[in-house]
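This report describes the spaces inside a protein model, the surroundings of its ligand and the pairing of some of its strands. The sequence and structure come first.

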Amino acid sequence: MQKLLFVCLGNICRSPLAEGIMLHYIKKNKLPLIVDSAAIAPYHIGENPDIRTIKNALKHNIKIEHLIARQFQIDDFEKFDKIYVMDFSHYEHLRKIAPNAQLFEQKVDYLMNVVYPNQNIEVPDPYYGTEQDFEKVFQMIHTACTKIIEIYSYEKNMPFK
Ligand code: 4NP
């Protein structure tokens, strides 16, 4: 079974949103996919997602309030098939701590490259932003995650809902 990990700085805004959107569509499409999310930094370990992310996601019928932040572990490089980061700083951090360059190159990519290949478009950090910034982040992550679901459904010869 394919295992996907989403990574951001705090694991309370962007990456748990990606995990929650994926869980929503995995359930809807009955797909055999495992997803998780993790933080680069330890600041919010054990916390639920940021209330602004929870509320914005709920507007779109995505429930993420049950998710709990954890920090990225070195063995995540082995455990997951793909590791999607939100921005350059996460990408570079994972490059530095990767056990080897091959694992890093094989597995780590920018989330938005799913939609816009090789462009390395960043999902901006909404933490110090406005309600509109949270909505923009939602739209970006939703676009990428539904694309992953669509591709995976096609590969499995299953209809995309
Ligand atoms: P995230 O957002 O990386 O999308 O979870 C942030 C959460 C917390 C902080 C920064 C970004 N912080 O500085 O505490």
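## Largest cavity

Leu 17, Thr 53, Asn 56, Ala 57, Phe 134, Val 137 and Phe 138 line the largest cavity. The model is a predicted one.

The volume of the largest cavity is about 30 Å³, and the structure holds one cavity of 30 Å³ or more. Sorted by class, the cavity lining has five nonpolar residues, two polar residues and no charged residues.

## Largest pocket

The largest pocket holds about 160 Å³ of space. Its lining is made up of Gln 2, Leu 4, Leu 33, Lys 82, Tyr 84, Val 114, Ile 148, Ile 151, Tyr 152 and Glu 155. In terms of class, seven of these residues are nonpolar, one is polar and two are charged.

Three elements each supply at least two residues of the pocket lining: β1 (2-8), β3 (82-85) and α6 (131-155). The largest share comes from α6, with four residues.

## Strand pairing

Strands β1 and β3 run parallel and are joined by four bridges. In this pairing, Leu 4 stands opposite Lys 82 of β3. Both Leu 4 and Lys 82 are among the residues that line the largest pocket.

Strand β3 is also joined to β4 (residues 108-110), by three bridges, and these two strands run parallel as well. Here Ile 83 stands opposite Val 108 in β4. In a regular strand, side chains alternate between the two faces of the sheet.

## Ligand surroundings

Which residues surround the ligand? The shell consists of Cys 8, Leu 9, Gly 10, Asn 11, Ile 12, Cys 13, Arg 14, Tyr 43, His 44, Asp 125 and Tyr 127. By class, six of the shell residues are nonpolar, three are polar and two are charged.

An oxygen atom of the ligand lies 2.9 Å from a polar backbone atom of Leu 9, and an oxygen atom of the ligand lies 3.0 Å from a polar backbone atom of Ile 12. A side chain takes part too: an N or O atom in the side chain of Arg 14 is 2.7 Å from an oxygen atom of the ligand. Taken alone, the ligand exposes 360 Å², of which the protein buries 92%.

Methods:
Residues are numbered from 1 along each chain as its sequence is written. This is a predicted model: local features need pLDDT of at least 70, side-chain atom pairs count only at pLDDT 80 or more; totals for chains, interfaces and linings use all residues. Side-chain values use heavy atoms; hydrogens and water are left out. On a 1 Å grid over the protein atoms alone, a cavity is a set of points where a 1.4 Å probe fits but cannot get out, and a pocket is an open set with protein on both sides within 12 Å along at least five of seven lines; lining residues have an atom within 4 Å of a point. Grid points are joined across faces, edges and corners, and a volume is the space filled by probe spheres set on the points. Ala, Val, Leu, Ile, Met, Phe, Trp, Tyr, Cys and Pro count as nonpolar, Asp, Glu, Lys and Arg as charged, and the others, Gly among them, as polar. A residue is near a molecule or strand if one of its heavy atoms lies within 4 Å of it. A polar contact is a pair of N or O atoms within 3.5 Å; within protein, one must be able to donate a hydrogen and the other to accept it, and residues adjacent in sequence count only if both atoms are side-chain atoms. Accessible areas come from the Shrake-Rupley method with a 1.4 Å probe; for residues, only the protein chains shown count as cover. Two strands pair if DSSP finds at least two bridges between them.
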